[in-house]
Amino acid sequence: MPYGEYGPHDWGEWKSNGNGSHTRTCKNKSDHVETENCTFSTAPCAGSAACTVCGGYYSTGHDWGGWTSNGNKTHTHTCKRDPSHTETADCRNFQEANCTTPEMCLDCGGTYGETAPDKHDWQRLPKSNGDGTHTYTCDYDSTHKKTEACSSYDALSCGETGYCRNCMEEYTVSHKLDGIWTSDADGHWQTCIRCNESQSKAPHSFVELADAKHLKSEATCVSGAVYYRSCSECGYHAPDTFESGDKNPNNHDLVPRGYKAPTCTEIGWKDYDTCSRCDYTTYRELDALGHAYEARTVQPTCTKAGYTLHTCTRCKASYTDAVVSSRGHWYGEWSPNGDAASSADCRRSGCRHTGKVLCEPLVCRLLLKNAEAYDFTLCPVCGEVSDGARLTLIEKAKATAQRLPRGELVLRIGDLQNGERMLSVGFEYGGRLTLPTGQVEIMLPAAMLDGYALMLLDADGVETALPHTLNGDEATFTLDFTTNGGPAMALRLISVS
């Protein structure tokens, strides 16, 4: 109260009670006291803390709220003093599932799994139905009920009256039929399981009921299903039948047939069936396999064409394609035979052919210093000179042109019997000269022309200076076959040292 009996309170300081509360006493009357809960700037449940009013310093422990389900058979509760303080534990106190509720944790109320439809809590005292039965009601759900026949402590026969030991009501024992029809050609009946007497005797009432239990034969590809006429009460089969429903196009009387393997060119078929009743068949034609060719390349030789041979791995049928012309002989250096002809061996591996051709000599004339003419012939292919000399083949010589003639470059250098140095240039294929056209650039080792000037000769011995260049180890000069008109040219090397 704001005022005591003697006027307003004159409160003293708050003093801690050591239990999370503090008390202050009126200075005017010492039995006037006021107690309140301590307040903290930091919750004292995690560790010792001082009250902001009384200064009491202590730990109060957590003030936990109720458990809340986490949905995974664990639950969590939160400290009321500081919501950041939580604690999670496994659910342990479960109530088993029943007809209305799944398995449930009794601490947090979390439910798991499904209900148990057959788990009921039946009332102890069932209610009589007045017909020799009574009914139980489930305490979990009053709509769940089960009915049983009354039973007595005394052994009662059909027609006798007694008291039910469960519902405590009077009832009369009636026949309890076994629910099984017994029948013969004249009729049907059921038997009481209590007194074993036949009851409910009656004649058959035959109907046409297309039901599986009355089936004589299933529908086939040519007819519907056949059923026995049956009694509508007991199901007894009459000897006569009826047909009902559509044909079954998939119910055949199958006869197996043989298999024939296809070949590369002829069809075959798999094992198949035909129906003895209809024209159904599972015949499936297998396409002819076609040839399975394996290719083998036959390389061309000097004299025979090459080709690709395709042979079937199954039937050995074959054909050839990709025909490549014979390669022709690839001759080495041609050598004079001394009979105005030359010969050379083929350089291809495995070929032992030696070629022989007539020489195609150049008719040459040198005009010497004393105005004498030195006439001779020179074969550019084999290098034979009519004066008995032979020019040497320079294998490192090369030629470039916009369009080179067929064959290989033949460049020869050597001294005539009179000491004059000559050079011949031509192109040969199979020992025969081919005809160049246009300008051809010739390259050869620079040492071959070191200290010499080149002079181009014509048939009359007229010499025309032919410039050449030196580039490192290579010497280069250009011949113009457009104006020359012949297949080869002869050049004279004049010493300039």
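The model is predicted: local features need pLDDT of at least 70, side-chain atom pairs count only at pLDDT 80 or more, and totals for chains, interfaces and linings use all residues. Residues are numbered from 1 along each chain as its sequence is written, and side-chain values use heavy atoms, without hydrogens and water.

**Stop 1: the sheet.** Select β11, β12 and β13. These 3 strands form an open antiparallel sheet in the order β11-β12-β13. Strands are DSSP E runs of at least two residues, numbered from the N terminus; two strands pair if DSSP finds at least two bridges between them. The edge strands are β11 (94-95) and β13 (111-112). Now show β12 (residues 103-105): 2 bridges join β12 to β13. Methionine 104 stands opposite threonine 111 in β13.

**Stop 2: the cores.** A nonpolar core is a set of buried Ala, Val, Leu, Ile, Met, Phe, Trp, Tyr and Cys residues joined through side-chain atoms within 4.5 Å. Buried means under 20% relative accessible area (1.4 Å probe, protein chains only). The largest core has 23 residues; Trp334, Leu366, Phe376, Val385, Leu416 and Met422 touch the most other members. β36 (362-367), β37 (373-378) and β48 (488-495) each give two or more residues to this core. A second, separate core of 22 residues includes Val440, Leu444, Phe477 and Leu493.

**Stop 3: threonine 476.** Find threonine 476 in strand β47 (residues 474-480). Threonine 476 is buried, at 12% relative accessible area. Beyond its neighbours within four places in sequence, threonine 476 contacts (heavy atoms within 4.5 Å) Glu441, Ile442, Met443, His468 and Thr469.

How values were computed: Helices (H or I, at least four residues) and strands (E, at least two) are DSSP runs, numbered from the N terminus. Buried means under 20% relative accessible area, exposed over 50%, partly exposed in between (1.4 Å probe, protein chains only).
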